[in-house]
Amino acid sequence: MTAPPDSKAGDGRDDLFRTPQPPAAFRFDEAVAAVFPDMISRSVPGYRFNLELVAAIARRHVQPHTRVYDLGCSLGAMTLSIRSALASLAEPPAGVEMVGVDSSPAMIERARSQLAAFQSPYRTELVCGDLQQAAVKNASLVVLGYTLQFVPLEERAAVVGRIRAGLVPGGVLVLAEKVHEPDATAERLMTELHHDFKRANGYSELEIAHKRQALENVLRTETVDDHESRLHGAGFDRVVMLSRHYGFCLWLAQVGEKTTVPPATGPATPASAEPSDG
């Protein structure tokens, strides 16, 4: 992969961590929103592939007269991908409503502009609000893309439980997260490969180190077992990992056609959580 050329300020290229700066926690503010598409494509292996994968899942699993939720929607890329996928079907599902939720006002403002640029037969509502308080109802598809890792550990089971309770029979949750390995040697390899990916995409050693510091104690990863145990504990009948690129995984968790909804609780906070560099 060839590193893209250096950019000028304001052209949407992520150079937020190029120069030395005082330590500060990572925030999804206007500066991040302005460069987010470049940041995530150059930082998250498999991101573009997963956008297409979510579209394919939507074509198979979105049901007529239900809702689709994009929780932690950022600039609305997943929502846009799903809308386009559904509209392209020979028989698009009728009466589908789309709901995007993000806690960053800067992200929501830009998402509104981006989605407004593309016509869609599907009513789309964007909400600036807390993911932990988002109400999921009558959903056939919920996407939780690289978002749960920013939720406090002790609140994650409740978030997944509420999503499970809001899904219709046959509904699915798509969960994409960064994970860490329980084995220290394997984790070092994953980290080194991820940093190589960033270097190949034009990030300097200084940028990699600064972003890692900014995300420390903000992005808390868990293991594959932690996530899969939580999904099963919430009452999902089928949990399948569909994609993995280094330490970045995507699961499909499905509700059975006839199933009893469990309480919106889950397993205790996992002991294996670690800070991560994103």
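Let me start with the cysteines. The sulfur of C73 is 9.1 Å from the closest cysteine sulfur, the one in C128, and that is too far for a bond. From the side of C128, the closest cysteine sulfur is the one in C73. A disulfide is a covalent bond between the sulfur atoms of two cysteines. Here a disulfide is counted when two cysteine sulfur atoms are within 2.5 Å, and a search of the whole structure finds zero of them. The two residues also sit in differing surroundings. C73 is buried, at 2% relative accessibility, while C128 is partly exposed, with a relative accessible area of 41%. Buried means under 20% relative accessible area, exposed means over 50%, and partly exposed is in between, with a 1.4 Å probe and protein chains only.

A word on the source. This is a predicted model, in which local features need pLDDT of at least 70 and side-chain atom pairs count only at pLDDT 80 or more, while totals for chains, interfaces and linings use all residues. Residues are numbered from 1 along each chain as its sequence is written, and side-chain values use heavy atoms, with hydrogens and water left out.

Now the overall picture. The protein has eight helices and nine strands. These are DSSP runs numbered from the N terminus, H or I over at least four residues for helices and E over at least two for strands. Of the 278 residues, 50% count as buried. The protein exposes about 12,800 Å², and carbon and sulfur atoms supply 53% of that; the areas come from the Shrake-Rupley method with a 1.4 Å probe, and for residues only the protein chains shown count as cover. Take the contacts between residues at least 6 apart in sequence: 80% of them join residues at least 24 apart. Contact means heavy atoms within 4.5 Å.

Next, the sheet. In what order do the strands of the open sheet run? The order is β3-β2-β1-β4-β5-β8-β7, seven strands with mixed pairing. The edge strands are β3, residues 123-128, and β7, residues 238-245, each pairing on one side only. Two strands pair if DSSP finds at least two bridges between them. Neighbouring strands here are turned by 15 degrees against each other on average, direction ignored. Such angles are taken between axes fitted to C-alpha atoms, for helices over the stretch in contact, and run from 0 to 180 degrees between N-to-C directions.

Helix α2, residues 47-61, lies across β4, β5, β7 and β8, and runs at about 155 degrees to β7.

Staying with β7, one of its residues is V239, which is buried at a relative accessible area of 17%. Leaving aside neighbours within four places in sequence, V239 is in contact with E228, L231, H232, W251, L252 and A253. V239 and V172 are 67 residues apart in sequence, and their C-alpha atoms are 9.6 Å apart in space.

Helix α3, residues 77-87, is another case. Eight of its 11 residues are buried, so the helix is largely enclosed by the rest of the structure. Among the buried ones are M78, L80, I82 and R83. The buried residues of α3 pack against α2, β1, β2, α4, β3 and β4.

Last, the charges. A salt bridge here is a side-chain nitrogen of Lys or Arg within 4 Å of a carboxyl oxygen of Asp or Glu, and the count comes to six. E97 forms one with R67, the closest N and O atoms being 3.4 Å apart. E97 is in β2 and R67 in β1, so the pair ties together parts 30 residues apart in sequence. R123 also forms a salt bridge with E97, at 3.7 Å between the closest N and O atoms. That pair ties together parts 26 residues apart, because R123 lies in β3 and E97 in β2. Through shared partners, R67, E97 and R123 join into one network. As for accessibility, E97 is partly exposed at 27%, R67 is partly exposed at 29%, and R123 is exposed at 51%. Elsewhere, R230 and E222 form a salt bridge with closest N and O atoms 2.7 Å apart, and both residues are buried.
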